[in-house]
Amino acid sequence: MISCRCEIAPPSLLLRVAERGGRDARDAALRTLLVSAALRSRRTALGATLRRFGLSPADLEFLPAQAPATGPENTVYDAAGGEEEALPGRRVRGTDDPPTGDAAVDQAFDGAAATATFYREVFGRDSIDGRGLDLVSSVHFRRRYDNAFWTGDQMVYGDGGGGVFVPGGLTRSLAVIAHELTHGVTQFSAGLEYRGQSGALNESFSDVFGVLVEHRAGYVDAASASWLVGEGILDPSLGGALRNMIAPGTAYSGDDQPADMDAYADLPADDDPRNDNGGVHINSGIPNRAFAEAARTLGGRAWETVGPIWYEVLTGGRLAPTADFAACAALTVTVAGERYGESSAQQDAVRGGWEAVKVRLPADPR
């Protein structure tokens with residue numbers, strides 16, 4: 001399986017800290033960016049090799065084996081400040097083990113369990129891959145590492161404290177944990193390419209289900225939800241959250257997410273971190289807002305109203321890996337009609353969400 005290293009912190013935020021923070025914060029942000037760039041290069045090389053032989057990840061033979069019917073194992077490891085070569089690290093907590101007292105370990109364990117429970121109970125999905133994939137998490141990655149990421153096989157969390165996140169902040173947010181694990185769901189379903197609009201959709205689906213896991217855990221309805229991703233984990237000097245789904249561009253100081261297509265950031269998918277691989281974190285605010293607008297229009301519990309539509313689109317086999325916003329939007333409207341009926345309140349709300357962010361839809365036949 002191709003490693004899909006999808007990170008929670010956008011490079012623009014790390015760059016801002018590197019440019020404007022103190023010496024220690026600058027050094028931590030630069031180290032985080034350099035590690036990201038090096039590992040991204042490895043992933044790109046593997047993808048190129050597979051394409052050379054006409055293969056895709058699904059063609060590889062080392063897919064995870066089916067887990068026992070009791071459900072996936074949930075195991076947390078301590079990387080003890082080590083680098084990627086040392087992952088996963090020392091095993092510190094397994095499925096049947098009690099809490100350890102290490103906040104990062106226990107939060108990573110509980111967050112992975114809550115995410116797996118959400119997908120099982122709401123959508124009948126057996127773990128991240130739908131086939132019982134064991135949940136593996138490593139905490140205390142590197143020193144003052146200001147990011148968390150899904151490698152394609154497991155979750156990895158830095159401790160923060162480098163000027164972007166508060167110390168220990170990356171495992172405090174259930175939405176962040178569920179966001180990153182949802183990159184695995186995307187990897188094993190639609191396989192959205194991590195560049196340009198398909199990459200922004202990849203990020204957006206993770207934000208959508210990240211907040212839905214958090215909403216369900218707290219029984220928060222669409223009307224009263226903050227729609228913030230990573231609330232309270234940023235360094236206070238930066239702002240209150242990583243992303244604001246209902247009001248993109250307002251989550252933190254310097255937030256560069258556009259709220260609609262009028263401000264879409266048309267960026268090259270190159271190695272310059274300022275371009276965010278074609279704006280995958282930047283432009284994800286557009287489909288994020290479309291979902292949040294639809295959910296607020298319908299009211300109630302978003303994981304029961306709009307959530308099933310987005311889940312079917314992500315996992316139903318009709319969303320192409322290279323899909324753009326318009327293709328995804330059209331499919332959500334179609335699925336809403338199939339599920340709830342043409343001209344239903346649900347379909348109208350979904351259509352209205354995309355119209356609010358100015359994504360072009362097929363003409364309404366009415």
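Q: What should be kept in mind about the numbering and the model?
A: Residues are numbered from 1 along each chain as its sequence is written, and side-chain values use heavy atoms, with hydrogens and water left out. Because the model is predicted, local features need pLDDT of at least 70 and side-chain atom pairs count only at pLDDT 80 or more, while totals for chains, interfaces and linings use all residues.

Q: How many helices and strands does the protein have?
A: Helices (H or I, at least four residues) and strands (E, at least two) are DSSP runs, numbered from the N terminus; here the protein has 10 helices and eight strands. Buried residues, meaning those under 20% relative accessible area with a 1.4 Å probe and protein chains only, make up 55% of the 366 residues.

Q: At what angle do H9 and H10 pack?
A: Axes are lines fitted to C-alpha atoms, for helices over the stretch in contact, and angles run from 0 to 180 degrees between N-to-C directions. Helix H9 (residues 325-340) and helix H10 (residues 345-356) pack at about 170 degrees, with axes 8 Å apart, and are therefore roughly antiparallel, a term for angles over 145 degrees. The contact (heavy atoms within 4.5 Å) involves residues including Phe325, Val333 and Tyr340 of H9 and Val350 and Trp354 of H10.

Q: How are H3 and H5 placed, and which residues meet?
A: Their axes lie 10 Å apart at an angle of about 90 degrees, which makes H3 roughly perpendicular to H5, the term for 65 to 115 degrees. Among the residues that meet are Phe118 and Tyr119 in H3, and Phe209 and Leu212 in H5.

Q: Which residues of H8 are buried, and what covers them?
A: In helix H8 (residues 307-315), seven of the nine residues are buried, namely Gly307, Pro308, Ile309, Trp310, Tyr311, Val313 and Leu314. What covers these buried residues includes helix H3 (103-123), H4, helix H5 (196-218), helix H7 (285-298), H9 and H10. After H8 comes glycine 317, whose phi is positive, near 90 degrees.

Q: Why is H4 described as largely enclosed?
A: In H4, 14 of the 14 residues are buried, so this helix is largely enclosed by the rest of the structure. The expected span of a helix is 1.5 Å times one less than its number of residues; H4 (residues 174-187) reaches 20 Å from its first C-alpha to its last, close to the 20 Å expected.

Key: Parallel < 35°, antiparallel > 145°, perpendicular 65-115°, else oblique. Buried < 20%, exposed > 50% of the residue type's maximum accessible area, 1.4 Å probe, protein only.
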